[in-house]
There are 2 protein chains.
Amino acid sequence: MAYRVGIFGATGAVGQELLRLLIERNFPATSIRLFASARSAGKTVAIGDKTWTIEEATEDRFGELDLALVSVSGGFSTEMAPKAVAQGCVVIDNSSAWRMDPNVPLVVPEINASALVEHQGIIANPNCSTAITLMGLYPLHQAFGVKRMTVATYQAVSGSGVKGMEELESQVRAWAADEPIIAKTYPHQIAFNVFPHVDVFYEDGYTKEEHKLLNESRKIMGHGSLAVSTTCVRIPVMRAHSVAVNAEFERPVDLGIAREAIKAFPGVQLVDNPSANGYPMPLSCAGKNDCEVGRLRKDMAFENGIAFWVVGDQILKGAALNAVQIAEALHEADLVRVPV
Amino acid sequence: MAYRVGIFGATGAVGQELLRLLIERNFPATSIRLFASARSAGKTVAIGDKTWTIEEATEDRFGELDLALVSVSGGFSTEMAPKAVAQGCVVIDNSSAWRMDPNVPLVVPEINASALVEHQGIIANPNCSTAITLMGLYPLHQAFGVKRMTVATYQAVSGSGVKGMEELESQVRAWAADEPIIAKTYPHQIAFNVFPHVDVFYEDGYTKEEHKLLNESRKIMGHGSLAVSTTCVRIPVMRAHSVAVNAEFERPVDLGIAREAIKAFPGVQLVDNPSANGYPMPLSCAGKNDCEVGRLRKDMAFENGIAFWVVGDQILKGAALNAVQIAEALHEADLVRVPV
């Protein structure tokens, strides 16, 4: 089988990586078409000697596609995804719009590819911090059974797309040139600063991003009683997210078993050699498919606890790579079709 | 009473603030002398129209002083502090050398100034992250009784002194000029990067900095059973440390009481207005004496838990300000003298 594939949000940071990954990983596509807003229609994108012209994303295009990889605003996804499915097009959606819908599988393929079997046409790609955190947590959960965890994130500006990266870059350049620093994308200067504010605030004092860590982790892991308390923080780093995790498990933990579990898990690498200054870092994970896990140690606050540090490229495992992996898993299981 | 005061490590980031604070806060000094390594001797430092000439720090100088504020390497402090005391000079030491010595009070004046009464000549100034964390935690501990906590730090390069700040600045300038980025002070590039590595690693996988959070918190709070699991992370911010804390308490928590406790505590400000993007940040705390506490919310992982975010200037409350406050507390209690 091969598919007519569309990328929606093709001009974005995630959209660009979606195209690159589909080609690099030889996804079985008879065609790949790029869609974006009317403003970007007509622009071209080139990879190697191949060029694509961006088309306007309108709802009647979905009937010409078997599979749509959608990385646009939640509003667009909410409205368009059911129309795509009605036209026979399977949607892998990167927004938060459909993630908690009980009829929509929310998938990290290394963890719960089996959930794809029941898809009704829409499959949700998880929140970036959640996907990266779970790549470190899940192998430990398999070994010891996680009960609860506290999480602190160190999130790159790529999480806000191209405009986040441009904002950090322009602020740093302004600083170096002794010019005024202007904040447009974020409510505060991000260069040489951090703020505990990613996505909108809820009444309970948590952000939507922090709630995602709880709700999406439970759904992906099929673990409804997992307790998660998170602080999400934006930091002046370009494109990989780092996460400090303290997790408590049901069963006694063993660091040797924990290390082996990380090593054996696909999509993660154990980088844990402190005596040689070896630990995961955003700079070493940027542009890399695998997440890195390190700083594994017995937790000093939780009984049966492990503390660790996990880093992953926000645009890759946190978004585009995971979406393409979902597409690959759908293909392998012959699930690139809307159930009748 | 007024005292002959010496600042050791006068050329460092902390040393410079010590001088400024002693003058600004009118510490009762008959004289203030500045000491540093032989390399810096003869250099001058000016504040307003007053100029100081730096003298070489040698052990026979302590006999000419009543009070020494020492911010140099732990090795110097280990060797010199007892000699200073033997010459009748009280030492407030900013290194980690004496902090856990049972005969040395480890003091954050807002928390345990009473411990100064038993000093034997040496008083230790706490680790910067510990002091800042406890400024947020202690008022909550007074209200609810803390049992354990997980801590993730976001530590500015000022924690490595002037050379840390110079390293970040030079790397960012090199990046802006498209020149090679060179790491000298840190094992890895810090510009646009973070690493979970502050101070040296121990066999158990934790860093010395992470152990300080546990040991020094227990000693300052007089709370030997407190459990603390910490991840200390260096980030590309100039001079204020941020800390994400998840704390579990003995008694049921109430956010209204928690807010009042923070507001009533000296040296901290409640900055907790998420709907107006109001929360503590390094940029708003740099150069500020008070620490800021915000993002107060019920913890989702700990029963009777509170999550919060605290930020403080590493050079001020994390070092120089706390040392000068210790000096002030000693003066007020007539304790600027070595007990016979």
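Reader: At what angle do helix 4 and helix 9 of chain B pack?

Author: The angle between helix 4 (residues 128-144) and helix 9 (residues 316-332) of chain B is about 90°, and their axes are 8 Å apart. Axes are lines fitted to C-alpha atoms over the stretch in contact, with angles from 0 to 180 degrees between N-to-C directions. Helices are DSSP runs of H or I with at least four residues, strands runs of E with at least two, numbered from the N terminus. The model is predicted: local features need pLDDT of at least 70 and side-chain atom pairs 80 or more, while totals for chains, interfaces and linings use all residues. Residues are numbered from 1 along each chain as written, with chains lettered from A and ligands numbered from 1 in written order.

Reader: Which residues meet there?

Author: From helix 4 of chain B come Cys128(B), Ala131(B), Ile132(B) and Met135(B). Helix 9 of chain B brings Lys317(B), Gly318(B), Ala319(B) and Asn322(B) to the contact (C-beta atoms, placed from the backbone, within 7 Å).

Reader: And where is the kink in helix 4 of chain B?

Author: Helix 4 of chain B has a kink of about 40° at Met135(B), shortly before the proline Pro139(B). The bend is the angle between axes fitted to the seven residues ending there and the seven starting there.

Reader: How many residues of helix 4 of chain B are buried?

Author: Of its 17 residues, 15 are buried, so helix 4 of chain B is largely enclosed by the rest of the structure. Buried denotes 20 or more other C-beta atoms within 10 Å, exposed 12 or fewer.

Reader: What follows helix 4 of chain B?

Author: Gly145(B) follows helix 4 of chain B, and its phi is positive, near 75°.

Reader: Which residue other than glycine has a positive phi?

Author: One such residue is Asp178(B), with phi near 60°. Asp178(B) sits in the loop between helix 5 and helix 6 of chain B. Another is Phe192(A), whose phi is positive at about 60°. The place of Phe192(A) is the loop between helix 5 and helix 6 of chain A.

Reader: Is Phe192(A) buried or exposed?

Author: Phe192(A) is buried, having 24 other C-beta atoms within 10 Å. Asp178(B), by contrast, is exposed, with 6 C-beta neighbours inside 10 Å.

Reader: Turning to the chains, how many residues of chain B are in contact with chain A?

Author: In chain B, 50 residues are in contact with 50 residues of chain A. Elements supplying at least two residues each to that side of chain B include helix 5 (162-176), strand 11 (240-249) and strand 14 (305-313).

Reader: Which strand gives the most?

Author: Strand 9 of chain B does, with 5 residues on the side that touches chain A.

Methods
Two residues are in contact if their C-beta atoms, placed from the backbone, lie within 7 Å.
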